[in-house]
Amino acid sequence: MMSYTLITGATSGIGLEMAKLLAAKQQNLIITARHDDKLQSVATMLREAGTGDIKYYAADLAQNGEASRLYQTIIEDGLHVTTLVNNAGVGLYGNFTDTYLADELAMIQLNVGSVVTLTKHFARDMVANGSGRIMNVASLLSFLPFPYYSVYSATKAFILAFSETLAAELEDTGVIVTTLCPGPTDTPFNTDAMWRTNAYKANKPMTADAVAATAVRLLLNGRGKKIVGFNNWFISNLPRITPDKLMMKIKKRLASPASQ
Ligand SMILES: NC(=O)c1ccc[n+]([C@@H]2O[C@H](COP(=O)([O-])OP(=O)(O)OC[C@H]3O[C@@H](n4cnc5c(N)ncnc54)[C@H](OP(=O)(O)O)[C@@H]3O)[C@@H](O)[C@H]2O)c1
């Protein structure tokens with residue numbers, strides 16, 4: 001039976017670059033995102049990049065029930081997923097009292113609800129088969145919750161906690177769960193307002209292909225969590241040596257608009 005790697009959010013940014021690298025390694029891929037036209041053109045490009053089979057499914061994973069529906073469709077189509085990459089995610093920057101609750105709830109469904117749902121379904125199958133890999137994309141903010149990204153930071157703290165505990169639970173099952181923690185990365189994820197903050201001036205975003213190269217290494221051979229890039233690794237450790245109050249003050253400044 002052919003084995004597939006399922007990548008969510010594979011039409012842009014880190015997910016797209018990962019898909020390109022995996023296609024070049026002749027892997028069979030299932031890619032998913034919301035927009036059919038984009039999926040179709042990415043699938044065509046991936047088919048030219050390697051010899052693996054490339055399937056795609058459109059799904060809006062911010063909607064309740066869509067992750068389970070996606071799983072059912074993949075099973076009904078007889079595809080055997082041995083590797084799952086929970087990459088799709090959105091950010092939200094702004095004063096919590098100004099941002100829209102509907103956007104926050106949709107983000108929680110996408111960044112958290114659908115990750116748990118896809119992991120639940122596929123992890124059960126993988127455990128039954130005695131092997132598999134799941135990689136969840138968290139963030140530097142999993143370690144450093146930032147003001148003005150309160151709900152986003154919380155979704156990524158969830159992903160880190162969920163992935164690390166699940167990795168330990170599944171230790172002896174043959175299923176390996178890893179967590180990728182990128183710092184700022186130059187993708188459409190970032191809005192103009194995010195680009196204007198001190199954080200992006202102080203810690204230059206990495207390119208999506210550099211992040212994807214680390215991601216693919218972690219996915220194929222790694223264990224545990226990986227903070228991408230030395231700078232980000234260093235920053236993630238600052239809370240260990242910095243008093244909480246001072247740390248939050250620094251983060252609030254970093255997340256504020258830079259004065260020109
Ligand atoms: N960029 C950064 O600075 C950064 C830093 C740390 C962590 N991350 C994390 O890295 C992951 C990938 O981010 P990225 O920067 O590569 O983002 P991106 O370039 O904006 O790509 C996001 C992908 O997710 C898909 N997507 C968005 N909303 C969706 C929905 N409702 N349902 C299904 N798919 C959806 C998008 O396709 P459609 O729009 O067509 O659906 C796209 O393929 C995210 O989990 C993000 O939180 C990013």
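Trainee: What makes the seven strands an open sheet, and in what order do they run?

Mentor: The order is β3-β2-β1-β4-β5-β6-β9, with parallel pairing. The edge strands, β3 (54–58) and β9 (224–227), each pair on one side only. This is a predicted model: local features need pLDDT of at least 70, side-chain atom pairs count only at pLDDT 80 or more, and totals for chains, interfaces and linings use all residues. Residues are numbered from 1 along each chain as its sequence is written.

Trainee: How do you know that β2 and β3 pair?

Mentor: Pairing needs at least two bridges found by DSSP. Strand β2 (residues 29–33) and β3 share five bridges, in the parallel sense. Ile31 stands opposite Tyr56 in β3. Strands here are DSSP runs of E, at least two residues; helices are runs of H or I, at least four, and both are numbered from the N terminus.

Trainee: Why are α1 and α8 called oblique?

Mentor: Their axes cross at roughly 60° and come within 8 Å. Axes are lines fitted to C-alpha atoms, for helices over the stretch in contact, with angles from 0 to 180 degrees between N-to-C directions. Under 35 degrees is roughly parallel, over 145 roughly antiparallel, 65 to 115 roughly perpendicular, and the rest oblique. So α1 and α8 are oblique to each other.

Trainee: Which residues of α1 and α8 meet?

Mentor: Contact means C-beta atoms, placed from the backbone, within 7 Å. In α1, Gly13, Ile14, Glu17, Met18, Leu21 and Leu22 take part. Their partners in α8 include Ala208, Asp209 and Val216.

Methods. Contact = placed C-beta atoms within 7 Å.
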